[in-house]
Amino acid sequence: MLTAILVSAGLALVFGILLGVAAQWFHVDGNPLAEKIDAILPQTQCGQCGFPGCRPYAEAIASGQADINQCPPGGETTIKNLADLLGVEPKPLNAENGSEKEVPLVAVIDEAVCIGCTKCIQACPVDAILGAAKQMHTVITDECTGCELCLAPCPVDCIDMVPVHGSVDDYRFPLPASAQSAVPDVTAAPRPAPESAHV
Amino acid sequence: MSEIGPKVTKARYDFHGGIHPPENKQLTRDRPIRDLPLMARYVLPLHMHIGASARPVVKVGERVGKGQVLAQATDFISATIHAPTSGTVVAIDDHLIPHPGGLRAPSILLESDGDDLWADMLEPWPDYQTHSPTALRSRLRESGVVGLGGAVFPTAAKLATGPAQVTTLVLNGAECEPYITCDDRLMRESPADIVAGARIALHMLGATQCLIGIEDNKPESLTAMRTAVAEDPRFAVVSVPTRYPAGGEKQLIRMLTGIEVPRGRRATEYGLLCLNVATVASVYQAVVHGLPVIDRIVTLTGGGVVQPDNFKVRIGTLMNDVLTAAGGYRAGVDRLIMGGPMMGFSLPDDTVPVVKATNCMLALRPEDRPEEPAPQPCIRCSLCAEACPADLLPQQLYWYARSRQFDRAVAYHLFDCIECGVCTAVCPSHIPLVDYYRFAKTEVWAQEREKSKATVARDRFEFRKERLERQKAEREAALNKKRQALEAKAAKAVQTPKPPGDTPAEPQTSTETAAGEAAYGEYRPGHAPIDTRLDSAVEAARARSKARRAALEAQRTEAPIPESDDESEKI
């Protein structure tokens with residue numbers, strides 16, 4: 001009887017120490033789920049979701065404080081991917097947060113009008129605006145996420161959102177017109193296990 | 001085939017699938033290559049090869065000689081662009097390019113001066129054996145040599161095989177696509193150039209043999225090439241059965257050597273390298289004669305042109321100029337295709353330049369091509385899978401592309417599709433399968449671009465956050481330090497009462513304040529006067545900029561008339 005108790009207590013002690021060490025050893029910084037959610041978000045950093053950037057929104061979703069349908073730049077695709085990740089039903093975009101843009105936009109400063117107030121530079125979440133006080137400002141197009149956060153602070157309304165100028169490398173072939181015709185819907189296309197793809 | 005000598009062998013291997021579309025080569029196969037007259041204007045897109053765009057090295061208004069470098073290769077995979085004739089650079093601007101989307105892209109516009117005078121040329125290297133492969137590769141790079149079979153991959157980069165040792169050079173003279181005869185004519189008219197270019201490539205690669213694959217519907221080319229290689233034991237001319245797409249790189253290698261290059265691997269890993277016959281001819285011109293690539297052979301054909309023909313066309317010639325020189329269109333033409341009927345694409349406009357990839361211009365009337373009935377549902381007949389030369393499952397790819405399950409399409413090896421068009425041609429439901437694959441491929445690329453852009457944005461956002469926090473901390477630290485210093489000073493002052501001798505310090509500070517007051521007017525924190533002044537200044541600035549913006553806006557939208565009105569009013 002005593003042996004059994006001792007053995008149990010000993011085992012409990014050993015495993016307790018093991019678990020304690022493992023918890024220290026394999027400690028993960030931050031929330032891995034938030035990390036995964038952040039990877040899906042479009043990183044526009046626009047704040048339309050009501051959080052100051054994509055990362056805070058990802059953390060809010062991970063802790064259950066925000067819904068998955070608050071990201072207009074990501075649109076349907078992002079909502080679908082989030083739903084897949086979290087195992088919930090996809091839902092339409094929350095209209096309160098804004099609407100999905102049809103074409104990607106970038107900010108362009110009308111340099112003849114800019115007074116060099118630096119207000120847009122402070123507003124830009126990704127440091128995509130270059131300039132100094134009383135000097136002309138300009139947007140680094142490649143870095144601009146199209147978040148529109150620079151529009152409101154501009155005292156002279158010299159920033160416009162324009163469609164991204166597509167180059168040959170960015171060309172996307174359209175879905176053939178016949179895909180919209182009377183041919184039966186194929187969303188129910190067979191989706192066999194990945195292994196069968198390599199047979 | 002009894003006259004085929006010992007130098008011509010028949011291919012011993014075969015590839016899977018393929019079809020026999022109507023050849024239609026009789027339209028131009030017996031038309032010798034002709035030169036076109038000098039045109040008044042040439043348009044040279046900066047991006048007419050695989051890889052990075054070339055960077056212009058000439059200025060608008062600059063006079064250039066024929067063969068002068070207009071734009072320099074910018075990357076390892078990039079190609080230099082040369083002036084097709086002497087003249088003046090009139091613009092460097094967006095111009096329509098041959099593209100299925102009818103896109104505009106940065107181009108150099110050159111106006112011919114009619115003299116057609118050469119600029120300083122590169123030194124001819126008839127003794128190419130004395131030059132190292134590296135020097136020869138940079139010669140090809142300077143000369144703008146790219147794959148002329150249609151892929152336009154920079155040849156200098158292709159011949160840089162790294163550690164892989166190439167033993168066999170495969171020359172692609174199959175020209176399997178219907179209508180096209182430019183390589184056929186080149187092989188018949190200048191077989192010596194091709195063989196000389198192949199010898200240079202063998203020297204550069206250190207390869208020991210060269211196989212020339214030609215479809216057996218070109219007996220004259222087979223004979224011409226056999227005669228040209230008769231003296232050299234390293235060469236063999238191989239006749240391959242006429243079946244589309246025998247000219248695909250992997251398909252031709254399979255037929256000539258029996259080696260099936262697996263997916264994701266390169267032919268060089270198996271000691272093989274494949275070049276088009278026209279490409280090696282331009283290698284010869286670039287090395288031995290120092291001539292850059294400023295022209296190429298183009299087949300102008302189809303039922304929609306008055307006189308189908310083969311032309312030596314300078315790169316940058318506008319297609320409508322080529323057509324005018326060739327006699328123009330016939331009535332009823334409704335489609336101009338760049339490339340052949342299988343892999344080419346329709347051009348929305350014919351004011352686009354001939355580029356290095358333009359092997360054929362095909363003008364068709366509705367009666368010249370098979371009917372195109374409306375697509376019907378896929379019936380899973382699997383004819384496409386039987387015909388696919390890349391051994392793919394076209395109907396699976398179709399389902400996944402169409403339902404936007406791109407990850408699944410990639411898992412079914414979407415990117416091994418060579419877009420040969422065989423599946424579309426055999427489909428009894430007339431589904432434009434290749435259009436779906438092109439759609440899926442560009443969507444996958446777009447997703448990848450978005451992903452990498454998101455990563456950059458995330459990094460920049462996080463760096464900024466970190467920077468703001470750091471600045472805030474630094475500011476607080478500085479403030480704390482100041483506060484502590486002040487407190488310490490105050491404590492010191494309380495502890496040790498000032499000796500009377502130190503009093504002059506006080507008046508000094510008071511004069512400072514007085515000077516400050518003079519400079520800032522009546523400014524005191526929270527005082528009204530300065531606030532109203534600031535407000536009115538901001539208001540004025542706003543009004544000024546608004547007026548300026550309105551004026552600019554008016555200038556942009558309307559004709560310059562209102563501006564001149566203003567001027568007259570001022571006067």
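Two residues count as in contact if their C-beta atoms, placed from the backbone, lie within 7 Å. Keep in mind that this is a predicted model, where local features need pLDDT of at least 70, side-chain atom pairs count only at pLDDT 80 or more, and totals for chains, interfaces and linings use all residues. Residues are numbered from 1 along each chain as its sequence is written, and chains are lettered from A in the order in which they are written.

**Exercise 1.** Find how many residues of chain A touch chain B, and sort them by type.

*Solution.* Start with the count: 35 residues of chain A are in contact with 36 residues of chain B. Next, sort the chain A side: 22 are nonpolar, eight polar and five charged. (Nonpolar takes in Ala, Val, Leu, Ile, Met, Phe, Trp, Tyr, Cys and Pro; charged is Asp, Glu, Lys and Arg; the others, Gly among them, are polar.)

**Exercise 2.** Work out how H2(A) and H4(A) pack.

*Solution.* First, locate them: H2 spans residues 32–40 and H4 residues 75–86 of chain A. (Helices are DSSP runs of H or I with at least four residues, strands are E runs with at least two, and both are numbered from the N terminus.) Then take the geometry: the angle is about 155 degrees, and the axes are 9 Å apart. (Axes are lines fitted to C-alpha atoms, for helices over the stretch in contact; angles run from 0 to 180 degrees between N-to-C directions.) That makes the pair roughly antiparallel, a label for angles over 145 degrees. Now look at who meets whom: A:Lys36, A:Ile37 and A:Ile40 from H2(A) face A:Thr78, A:Asn81, A:Leu82 and A:Leu85 from H4(A). By type, that contact has four nonpolar, two polar and one charged residue.

**Exercise 3.** Describe how the two domains of chain A sit relative to each other.

*Solution.* Begin with the bounds, 32–97 for domain 1 and 105–165 for domain 2, which come from an automatic or database domain assignment. Their C-alpha centres lie 26 Å apart. Across the boundary, six residues of domain 1 are in contact with seven of domain 2. The domain 1 side has one nonpolar residue, five polar and no charged.

**Exercise 4.** Trace the six-stranded sheet of chain B and find what packs on it.

*Solution.* Read off the order: E2-E15-E14-E18-E16-E17, an open sheet with mixed pairing. (Two strands pair if DSSP finds at least two bridges between them.) Its edges are E2 (33–35) and E17 (345–346), each pairing on one side only. Zoom in on E16(B) and E17(B), which pair antiparallel over two bridges; B:Ile337 stands opposite B:Ser346.

Terms used:
Angles under 35 degrees count as roughly parallel, over 145 as roughly antiparallel, 65 to 115 as roughly perpendicular and the rest as oblique.
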